[in-house]
Amino acid sequence: VAMFHEVHRLLPDLLVAWNIDYDLTIMMKELDAEGIPYEDVFCHPDVPHKYRNVWYKRDQASKKTESKTLTKSPADQWHVLYCQASFYAVDAMCLFKKIRTHEGNRPTYRLSAILETEVGVGKLDIPGLEYKDNVDWHIQAQRDFPLEYCAYNIMDNLLIVLLDEQTNDLSSAL
């Protein structure tokens with residue numbers, strides 16, 4: 001709630017995350033658990049209550065052809081957050097892949113892999129905690145290494161900015 005208060009104060013054009021479905025799903029789950037209406041968080045506070053609405057349209061995880069059903073990777077799913085705010089929510093992972101459709105599929109679209117190939121740097125390590133690409137790692141990092149995890153998250157945000165300085169995806173394609 002406090003983060004979005006600051007986001008609305010800044011009036012950004014874009015709200016960017018890598019694999020945004022994960023972040024928005026977790027945020028909405030936590031808001032539900034606390035009984036906080038999505039409209040009070042995602043919509044700009046100057047919008048009158050009667051005009052606020054939030055709709056999160058998750059893209060399908062599969063697509064059907066005439067003969068079979070194909071699973072779509074997370075990088076192929078374009079999710080949309082509809083709300084009355086200054087920003088458009090963008091999944092930088094999906095945008096990265098869409099702009100490079102002509103390349104074909106990469107082995108992975110994990111942020112760490114894209115950073116290493118495009119910028120030549122990886123994500124921040126937390127000494128004493130071996131990285132695992134799963135939710136349990138994030139829970140343990142928050143619990144056992146809170147300051148380091150804050151630095152890790154700040155660095156993740158800065159690395160997406162650094163990636164965009166290299167690729168110009170967000171700054172030019174949109």
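1. The model is predicted, so local features are reported where pLDDT is at least 70. The protein holds eight helices and six strands. Along the sequence, these elements follow the order α-β-α-α-β-β-β-β-β-α-α-α-α-α. The C-alpha trace spans about 50 × 45 × 30 Å along the principal axes.

2. Packing of α5 on α7. Two packed helices are described by the angle between their axes and the distance between the axes. For α5, residues 111-118, and α7, the axes come within 11 Å and cross at roughly 40°. That angle makes α5 oblique to α7, and the crossing is left-handed. On the α5 side the contact is made by L111, I114, L115 and E118, and on the α7 side by D156, L159, I160, L163, Q166 and T167. By class, the residues of this contact divide into six nonpolar, two polar and two charged.

3. Packing of α6 on α7. The axes of α6 and α7 come within 5 Å, with a crossing angle of roughly 125°. These two helices are therefore oblique to each other. From α6, the residues W137, H138, A141, Q142, R143 and D144 take part in the contact, while α7 contributes P146, Y149 and Y152. Here the division is five nonpolar, two polar and two charged residues.

4. The largest pocket. What volume does the largest pocket have? The value is about 1,700 Å³. The pocket is lined by 47 residues, of which A17, W18, Y22, D23 and N153 are the closest to its centre. Several elements each supply at least two lining residues: α1 (2-10), β1 (14-17), α2 (20-34), α5, α6 (135-144) and α7. The lining comprises 31 nonpolar, nine polar and seven charged residues.

5. The largest cavity. Rolling a probe the size of a water molecule over the atoms shows where empty space is left. The count comes to one cavity of 30 Å³ or more, and the largest cavity holds about 70 Å³ of space. Its lining consists of W18, A92, L95, F96, I160, L163, D164, T167, D169 and L170. By class, this lining has seven nonpolar, one polar and two charged residues.

6. Which helices supply the cavity lining? At least two lining residues come from each of α4 (92-99), α7 (146-167) and α8 (169-173). The largest share, four residues, is that of α7.

7. Helix α7 supplies at least two residues of the pocket lining and at least two of the cavity lining. Helices α5 and α6 likewise each supply at least two residues of the pocket lining.

How values were computed:
Residues numbered from 1 in each chain as written. Predicted model: local features only at pLDDT ≥ 70, side-chain atom pairs only at ≥ 80, totals over all residues. Heavy atoms only, no water. 1 Å grid on protein atoms, 1.4 Å probe; cavity = no way out; pocket = protein on both sides within 12 Å on 5 of 7 lines; lining within 4 Å. Points joined across faces, edges and corners; volume = space filled by probe spheres on them. Nonpolar A, V, L, I, M, F, W, Y, C, P; charged D, E, K, R; others polar. Axes fitted to C-alpha atoms, helices over the stretch in contact; angles between N-to-C directions. Parallel < 35°, antiparallel > 145°, perpendicular 65-115°, else oblique. Left-handed = near helix turned anticlockwise from the far one by under 90°. Contact = heavy atoms within 4.5 Å.
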